[in-house]
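Hello,

Here is the structure I promised to pass on. Please open it alongside this email.

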Amino acid sequence: QVQLVESGGGLVQAGESLRLSCAASGSIFSINTMGWYRQAPGKQRELVATITSGGITNYADSLKGRFTISRDNAKNTVYLQMNSLKPEDTAVYYCNVDTRVVGSYTYHEVWGQGTLVIVSS
């Protein structure tokens with residue numbers, strides 16, 4: 001009932017920037033927290049950043065200062081601006097939203113399909 005479409009991944013060189021986008025669509029009544037997670041090869045999925053509907057942000061400590069999360073509530077879209085990228089940022093980046101659909105009284109999490117970011121040295 002809710003679909004997430006991610007975009008913006010790709011291949012960049014170390015030091016460059018990328019901006020990821022994730023647009024939610026479907027029978028959305030409201031969206032609470034939106035966020036980004038990533039999974040590097042051979043590693044577990046980890047938190048990158050989250051943002052509440054009121055704009056409160058939370059970042060992985062190691063990424064503070066380089067990554068910025070933002071959202072456009074009117075477009076049900078969350079963004080991740082990634083600057084000064086490093087080879088260790090190479091991963092599949094997943095969008096996650098906590099959403100309530102029309103006709104429901106509870107929130108549930110929805111995951112995107114992931115977008116690949118490769119940072120070459």
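Below is what I found, from the whole chain down to one residue.

Keep in mind that this is a predicted model.

Overall fold. The protein chain has 0 helices and 11 strands. Its C-alpha atoms fill a box of roughly 50 × 25 × 25 Å along the principal axes. The radius of gyration is 14 Å, which agrees with the value near 14 Å for a compact globule of 121 residues. Of those 121 residues, 44% count as buried. The chain exposes about 6300 Å², and carbon and sulfur atoms supply 48% of that area. Take the contacts between residues at least 6 apart in sequence: 56% of them join residues at least 24 apart.

S7 pairs with S8 (residues 77-82) over 6 bridges, in the antiparallel sense. There, Ile 69 has Leu 80 in S8 as its bridge partner.

Tyr 37. This residue sits in strand S4 (residues 28-39). Leaving out residues up to four places away in sequence, Tyr 37 touches several others, among them Arg 45, Leu 47, Val 92, Tyr 94 and Trp 111. Tyr 37 and Val 92 are 55 residues apart in sequence, yet their C-alpha atoms are 8.4 Å apart in space.

Best wishes

Conventions:
Residues are numbered from 1 along each chain as its sequence is written. This is a predicted model: local features need pLDDT of at least 70, side-chain atom pairs count only at pLDDT 80 or more; totals for chains, interfaces and linings use all residues. Side-chain values use heavy atoms; hydrogens and water are left out. Two strands pair if DSSP finds at least two bridges between them. Helices (H or I, at least four residues) and strands (E, at least two) are DSSP runs, numbered from the N terminus. Contact means heavy atoms within 4.5 Å. The radius of gyration is taken over C-alpha atoms; the globule rule is 2.2 Å times the number of residues to the power 0.38. Buried means under 20% relative accessible area, exposed over 50%, partly exposed in between (1.4 Å probe, protein chains only). Accessible areas come from the Shrake-Rupley method with a 1.4 Å probe; for residues, only the protein chains shown count as cover.
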